[in-house]
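Please read this briefing alongside the sequence and the 3D view. It takes a few local features in turn, grouped by topic.

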Amino acid sequence: MTDRSFVVIGGGIVGLSTAHRLAQRHPGAQVTVVEKEAELALHQTGRNSGVIHSGLYYVPGSMKARTCRDGRAELLEFAKEHGIAFDQCGKVVVATTDDELPRLDALAERGVANGVSLVRIGPERLREIEPHAAGIAALEVHDTGIVDYVAMCAKLAELIVEAGGEIRTSAPVRDIRTSGAGSGGVAGDDELTADVIVNCAGLHSDRITALSGRESPAAIVPFRGEYYELVPEARHLCRTLIYPVPDPAFPFLGVHVTKMVDGGVECGPNAVLALAREGYRWRDIDRRDLWEVLSSPAFLKLARKYWRTGRGEMWRSASKGAFVKALQRLVPELEAKHLEAAPAGVRAQALAPAGALLDDFAVAESDRVVNVVNAPSPAATAALAIGSIVADRVDARLA
């Protein structure tokens, strides 16, 4: 038993995984999760495509690569143990033109370096896996799948409460104070105290970092990912997951076609600047959020670098026909009539002061506060492994 106390800010999968790890490591400790929304997992966790990533895309040795592989194994074990819906269906990464072949081969090398089970295949094998996909070569990636991340969050919350912890929803954090005794004070509608505070606030992680008394090493720029879903009579056009060869100079993977655990098939996302941190539609505008982005020299540098790519993403957002055309590179039989609008998501993209996109996960610490500053995809896949790393940082703060 212990009289330790911890507060985790953020009720998404990273926050809940961290709280679960802390409850496991410190039996009897008071672990409290505070979430500003009335429900858990409403933002990034609940609005992604449910993919279990393999570790294919990440720089070997990076935190993303390590935690994706470890987290994937832990996620599958957790899902099996607790009856969470999942499917290890695999995926194909498809090259449609000759100039994509070198990038496909480089991606295969990176995947092998990260321990991913894959094989390079030709069009005949591709047609066996995905009869309606077009490509001159592909990677067949065996370690990828799909899972119900919202159900996983519900189970994590249940386990935290069973261990004596508490989940507080509708509990926004407005202030963080650290006392001379070294304990952290979290002020919301009800004030809490803790030995260590953990910030897993996702789209608001930089602001919570600032509340903790530390300047955030990166600012959050919200990018909206817009999706369509295949109508039921067109779902046969995708059996697993069909991805394009990514552009290594751009942090997003491009529009893809993804089987989901509920039997649906999702298409997307594109990546456009959101006009609010929780801006799921073009009409969702937050003046503070937008001003912070547009007045940032770092963002202006980023915009100058990627303006052509950004223009294409915005055109796909405005034109369903353009979106369909991008999908037809992968699945030529797809037509506009096969697509119906689906809920969008917003990615919390961390941007360094010099204008560089932070590619890897990032954690910043102060006296008794551990801030998860950057946790984009594959954070959901890697969440249990990230939770262990953050718990290590928390334990170091207690030493």
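**Strand β12 and Thr193**

Thr193 is found in strand β12, which covers residues 192–194. The model is a predicted one. The points below start with this residue, then turn to the sheet, a helix pair and a loop histidine.

- Thr193 has a relative accessible area of 57%, and because the cut-off for exposed is over 50%, Thr193 counts as exposed.
- Leu351 lies 158 residues from Thr193 along the chain, and the C-alpha atoms of the two are separated by 31 Å.

**The six-stranded sheet**

- An open sheet is formed by six strands, in the order β9-β2-β1-β13-β21-β20, and its pairing is mixed.
- The edges are taken by β9 (166–168) and β20 (362–365); each has a single partner strand, so one side of each is left without a neighbour in the sheet.
- From one strand to the next, the twist averages 15 degrees.
- Strands of a sheet pair through backbone hydrogen bonds, in either a parallel or an antiparallel sense.
- The pairing of β13 (residues 196–199) with β21 (residues 369–374) is parallel and runs over three bridges.
- Val198 has Val370 in β21 as its bridge partner.
- Helix α1 (residues 13–25) lies across β1 (5–9), β2 (30–34), β9 and β13. The helix runs at about 175 degrees to β2.

**Packing of α2 against α5**

- Helix α2 spans residues 63–82 and helix α5 spans residues 149–162; they pack at an angle of about 75 degrees, with their axes 11 Å apart.
- Angles of 65 to 115 degrees count as roughly perpendicular, so α2 is roughly perpendicular to α5.
- On the α2 side, the contact involves Leu75, Phe78 and His82. On the α5 side, these meet Tyr149, Met152, Lys155, Leu156 and Leu159.
- By class, the residues of this contact between α2 and α5 comprise six nonpolar, one polar and one charged.

**His132 and its surroundings**

- His132 is found in the loop that connects α4 (123–129) and β7 (137–141).
- The side chains of His132 and Glu333 are joined by a polar contact of 2.7 Å.
- Apart from neighbours within four places in sequence, His132 is in contact with His236, Leu237, Leu330, Val331, Pro332 and Glu333.

Note on methods
Residues numbered from 1 in each chain as written. Predicted model: local features only at pLDDT ≥ 70, side-chain atom pairs only at ≥ 80, totals over all residues. Heavy atoms only, no water. Pairing = 2+ DSSP bridges. Helix = DSSP H or I, 4+ residues; strand = E, 2+ residues; numbered from the N terminus. Axes fitted to C-alpha atoms, helices over the stretch in contact; angles between N-to-C directions. Contact = heavy atoms within 4.5 Å. Buried < 20%, exposed > 50% of the residue type's maximum accessible area, 1.4 Å probe, protein only. Parallel < 35°, antiparallel > 145°, perpendicular 65-115°, else oblique. Nonpolar A, V, L, I, M, F, W, Y, C, P; charged D, E, K, R; others polar. Polar contact = N/O pair within 3.5 Å; in protein donor to acceptor, adjacent residues only side chain to side chain.
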